[in-house]
Amino acid sequence: MGSLAPWSDVSQPPKETQTQINPNELLNLFKCQQKYMNFFFQNLDVSQTLSFTQTLLNAKGTIFFTGVGKSGFVAQKISQTLVSLGIRSAFLSPLDALHGDIGILSNLDLLVLFSKSGNTEELLKLVPCAKAKGVLLISITSSEGNLLANVCDLNVHLPLERELCPFDLAPVTSTAIQMVFGDTVAIALMSARNLTKDEYAANHPAGKIGKSLIFKVKDVMKKQEELPLCREGDLIMDQLVELTSKGCGCLLIVDDEYHLIGTFTDGDLRRTLKASGEGIFKLTVGKMCNRNPRTIGPDAMAVEAMQKMESPPSPVQFLPVVNRQNMVIGIVTLHGLVSAGL
């Protein structure tokens, strides 16, 4: 063995030291960003902003947005926000525009160009081509005396004290104020157009926003053959298949004209079995049912059904759907609402 050290003494490779974020420095960065954002708010030219917003509101054609790099991403996002509000808008890539896509422009359209410096080469090349199509050009810039502002029909200056980046280079504050500016203008347009909640929801049919505002109980309820129906005088044990096969976790007890008498749940079954033992074989559904269940109408919003299920004194898993004559026309379940994305 000689000079070989025993296994227990073999040195382990040094662990890599993990760099830690200084909490004070992080907090200071947020405070600095807040300061730079406040500079923007305090120095924004309201008259320019009003003129820009009014121009967009009065647009007869499509409002196109363009930009390069980070400003391009902001331009795309603002365009998508307008589309979600029912305003005709689209993003136009400055590179693709110069290779054929500019053909989409007409003299009724607006083209909004986002650029921090206002000297972006790709946008400056696009300007004369867009002008030849008769498009109204609006530049959104942050540098004074830039080339883009001089060649566009309208310019909005977004005041920028400096970037949060220690080198004052990475566009992190400039893009933040671009986004805030664009989204605020979008909401101003939303207000001016008197967009209703229903109209907004109609533009978001697949998302939770739209579903909560559009879907009614009648859109998500089970009906007809899917309903777990039985009569008041039916024996509990004779209805076990109906109770378990419909996937509702309950029975809806109705009379001959389908008026709701009450409900009997799988929880009621367990409690009845525990309390009655073999006596359950002689018990009818009507004797053990809940004769005052929560119900809901077919024209109520689906989100209202969800809220009603979750309300005190204790949550429930379903709601019988009844019409004005208290006749059962459906059932809505918590599982069905969740499956619908609500």
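Hi everyone, let's start with one lysine: at 44% relative accessibility, Lys-35 counts as partly exposed, because that label covers everything between buried, under 20% relative accessible area, and exposed, over 50% (1.4 Å probe, protein chains only). Before going on, a word on the model: it is predicted, so local features need pLDDT of at least 70 and side-chain atom pairs count only at pLDDT 80 or more, while totals for chains, interfaces and linings use all residues. Residues are numbered from 1 along each chain as its sequence is written, and side-chain values use heavy atoms, with hydrogens and water left out.

So, which residue forms a salt bridge with Lys-35? The partner is Glu-161, with the closest N and O atoms 2.7 Å apart; a salt bridge here is a side-chain nitrogen of Lys or Arg within 4 Å of a carboxyl oxygen of Asp or Glu. This pair links distant parts of the chain, 126 residues apart: Lys-35 sits in helix H1, and Glu-161 in the loop between strand S5 (154-157) and helix H7 (173-192). Helices (H or I, at least four residues) and strands (E, at least two) are DSSP runs, numbered from the N terminus. Glu-161 is partly exposed too, at 35%.

Now to a second bridge, between Glu-163 and Lys-116, at 2.9 Å from N to O. Here the loop between S5 and H7 is joined to the loop between strand S3 (110-114) and helix H5 (121-132), with 47 residues separating the pair. Is Glu-163 buried or exposed? Buried, with a relative accessible area of 0%, whereas Lys-116 is partly exposed at 25%. In total, the count comes to nine salt bridges.

Next, please look at the largest pocket. A pocket is an open set of points on a 1 Å grid over the protein atoms alone, where a 1.4 Å probe fits, with protein on both sides within 12 Å along at least five of seven lines; lining residues have an atom within 4 Å of a point. Its volume is about 170 Å³, meaning the space filled by probe spheres set on the points, which are joined across faces, edges and corners. Strand S8 (260-265), helix H12 (266-276) and strand S9 (318-322) each supply at least two lining residues. Which of these gives the most? That is S9, with three residues. Among the residues of the lining are Thr-263, Asp-268, Arg-271 and Phe-318.

Finally, back to helix H1 (residues 23-43), where we also find Leu-26. Leu-26 is partly exposed, at 40% relative accessibility.
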